[in-house]
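Welcome! Take a moment to look over the sequence and turn the structure around before reading on.

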Amino acid sequence: MDFMFYGVPTLMIVVVVGVAVFVIRRALRIRRAWNSGLTAEARCLRTYTTTSGGSGDTSVHTTLHHVYEFVARDGRTVRFEESGGSGTILEGDFVTVFYSEGERVNATAHRPSPVRNGLALAGILGFLGMFVVFCVGFMVTYSHVFEPIDDMFFGGDSGYSDTDYGTDSGTVDGFPEGWEVTTESP
């Protein structure tokens, strides 16, 4: 039973930390492309959409994707895909892309917007951080509130004694020794 209250929140924290790492790496990759100062003219090779949701009463969300190709300064032909681009860019159109050189070329067709990128990153990380705080708080609350009750019924040893709860276990009934229970009939 404790797995439900410790294992599941821990697993959720691990997933949230993984999402945070992914979001940070993506933001740094885009920032690196913007800060490199390198631009090129790219051709849009393909546009397509993906949909998600729509089962039951959920709404459908559609995402527009573009596939671009350009020639880098060192002569390499680079092809990349990017989601969330402008709906006015069609197949065959030419756009300016920002990219960084290296073994792996980071490129984006989004216009530089470091403030917007930073605010989005801070908002996402703030939400994920609050989720982690909630999970940790849940586990701490469970350990302080419900484990003593669990130990009382199932006899576990959590380090708590009966005197911590103000009970006197002098007799089987829980009444102090010398205490008499009288029953009066009306």
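## The largest pocket

Which residues lie nearest the centre of the largest pocket? Among its 17 lining residues, they are Arg26, Ile30, Arg116, Asn117 and Ala120. A pocket here comes from a 1 Å grid over the protein atoms alone: it is an open set of points where a 1.4 Å probe fits, with protein on both sides within 12 Å along at least five of seven lines, and lining residues have an atom within 4 Å of a point. The volume of this pocket is about 460 Å³, counted as the space filled by probe spheres set on the points, with grid points joined across faces, edges and corners.

Two elements, H1 and helix H2 (114-154), each give two or more residues to the lining. H1 gives the most, with six residues. Sorted by class, the lining holds eight nonpolar, six polar and three charged residues. In this scheme Ala, Val, Leu, Ile, Met, Phe, Trp, Tyr, Cys and Pro are nonpolar, Asp, Glu, Lys and Arg are charged, and the others, Gly among them, are polar.

## What you are looking at

This is a predicted model, in which local features need pLDDT of at least 70 and side-chain atom pairs count only at pLDDT 80 or more, while totals for chains, interfaces and linings use all residues. Residues are numbered from 1 along each chain as its sequence is written, and side-chain values use heavy atoms, with hydrogens and water left out.

The chain has two helices and five strands, and from the N terminus on they run α-β-β-β-β-β-α. Helices (H or I, at least four residues) and strands (E, at least two) are DSSP runs, numbered from the N terminus. Of the 186 residues in the chain, 24% are buried, meaning under 20% relative accessible area; exposed is over 50% and partly exposed is in between (1.4 Å probe, protein chains only).

## The sheet and its hairpins

The five strands form an open sheet in the order S3-S2-S1-S4-S5, with antiparallel pairing. Strands count as paired if DSSP finds at least two bridges between them. At the edges are strand S3 (77-83) and strand S5 (106-108), each pairing on one side only. On average, neighbouring strands are turned by 40° against each other, direction ignored. Angles run from 0 to 180 degrees between N-to-C directions, with axes fitted to C-alpha atoms, for helices over the stretch in contact.

The hairpin of S2 and S3 has five residues between the strands, and Gly75 in the turn has a positive phi of about 95°.

## A loop glycine

Where is Gly85 placed? Gly85 is in the loop between S3 and S4. Gly85 counts as partly exposed because its relative accessibility is 24%. Leaving aside neighbours within four places in sequence, Gly85 is in contact with Leu64, His66 and His110, where contact means heavy atoms within 4.5 Å. Gly85 and Leu64 are 21 residues apart along the chain, and their C-alpha atoms are separated by 6.6 Å.
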